[in-house]
Amino acid sequence: VIVDYGLGNLASVRNMLKRLSCESVISSEKEVILKAEKLILPGVGSFLTGMKNLNESGLAELIIQKSRVDKIPVLGICLGMQLLTSHSEEGNVDGLNLIEAETRKFVFEASSPLKVPHMGWTDIAIRDVQHPLFKNTAEAPRYYFVHSFFVSCKTPGQSLAQARHGIVFDCAIAKENVMGVQFHPEKSPTFGMQVLKNFAEL
């Protein structure tokens, strides 16, 4: 189930899964999510709005139940990954706290050539090459990023991969059955398709 909480390019994720012959449905209905074998939490936009929507709809509690109690695989994409963290500087608000990490804002000097948001194709360095999310990933993988905030893991072992935009940040994270990627696999043909394929096959 691709969770619809009012933010994100849901159709793009579903279209990529369809290309992989993976059955999926976009839904905000609790009955549908309760029956899910896997959850994808996509998202584009504000952490504050995302958590507000999840809390007010009751979906936050449901996602926590499905991940912590039912132990189904959960994948957060972009904002969806950030929502898995403990807290965000964006709005100074707590997240789902499924992974011990903080979401922080890119801050550069006015004279810096680096721009915010970080946007475009970026190489990543996979730290845990044995993790199933990166199974069969070719060398020098590149993915498409669009984000103004980045994630920093409190537990180094929960960082699967890192990228650099002025600073090194965690661009793929995992704790047991909960995973997140900062990049957009649905907009990153070849490499991104492999990530979604690996998740679907868990």
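The side chain of His 165 has a polar atom 2.7 Å from the backbone oxygen of Lys 115. This is a predicted model. His 165 is buried, at a relative accessible area of 11%.

**His 165 and its surroundings**
- His 165 belongs to strand 12, which covers residues 159–165.
- With 11% relative accessible area, His 165 counts as buried because the cut-off is under 20%.
- Leaving out residues up to four places away in sequence, His 165 touches Phe 106, Phe 108, Leu 114, Lys 115 and His 118.

- The model has nine aromatic pairs.
- Tyr 143 and Phe 183 make a stacked pair, with 3.9 Å centre to centre and 20° between the planes.
- This pair joins distant parts of the chain, 40 residues apart. Tyr 143 sits in strand 10, while Phe 183 sits in the loop between strand 14 (178–181) and helix 6 (191–200).
- Both Tyr 143 and Phe 183 are buried.
- Phe 145 and Phe 169 form an edge-to-face pair, because their planes stand at 85° with ring centres 6.1 Å apart.
- The Phe 145 and Phe 169 pair also links distant parts of the chain, 24 residues apart. Phe 145 is in strand 10, and Phe 169 is in strand 13 (residues 167–175).
- Phe 145 is buried at 0% relative accessibility. Phe 169 is buried at 1%.

**Helix 6**
- Helix 6 is largely enclosed by the rest of the structure, because eight of its 10 residues are buried.
- The buried residues of helix 6 are Phe 191, Gly 192, Met 193, Gln 194, Val 195, Leu 196, Asn 198 and Phe 199.
- Their cover includes helix 1 (10–19), strand 3 (39–41), strand 4 (74–77), strand 10 and strand 14.

**Ala 138**
- Ala 138 lies in the loop between strand 9 (125–126) and strand 10.
- Ala 138 is partly exposed, with a relative accessible area of 45%.
- The C-alpha atoms of Ala 138 and Phe 191 are 7.7 Å apart, although 53 residues separate the two in sequence.

**Pockets**
- The largest pocket has a volume of about 310 Å³.
- Its lining holds 14 residues. Val 1, Glu 23, Ser 24, Glu 37 and Lys 38 lie nearest the centre of this pocket.
- The lining of the largest pocket is nine nonpolar, one polar and four charged residues.
- The second largest pocket has a volume of about 170 Å³.
- Of the 13 residues lining the second largest pocket, Gly 45, Cys 78, Val 146, His 147 and Ser 148 are the closest to its centre.
- Helix 5 (79–83) and strand 10 (142–147) each give at least two residues to the lining of the second largest pocket.
- By class, the second largest pocket is lined by six nonpolar, six polar and one charged residues.

Note on methods:
Residues numbered from 1 in each chain as written. Predicted model: local features only at pLDDT ≥ 70, side-chain atom pairs only at ≥ 80, totals over all residues. Heavy atoms only, no water. Helix = DSSP H or I, 4+ residues; strand = E, 2+ residues; numbered from the N terminus. Buried < 20%, exposed > 50% of the residue type's maximum accessible area, 1.4 Å probe, protein only. Polar contact = N/O pair within 3.5 Å; in protein donor to acceptor, adjacent residues only side chain to side chain. Contact = heavy atoms within 4.5 Å. 1 Å grid on protein atoms, 1.4 Å probe; cavity = no way out; pocket = protein on both sides within 12 Å on 5 of 7 lines; lining within 4 Å. Points joined across faces, edges and corners; volume = space filled by probe spheres on them. Nonpolar A, V, L, I, M, F, W, Y, C, P; charged D, E, K, R; others polar. Phe/Tyr/Trp six-rings, centres within 6.5 Å; stacked < 30°, edge-to-face > 60°.
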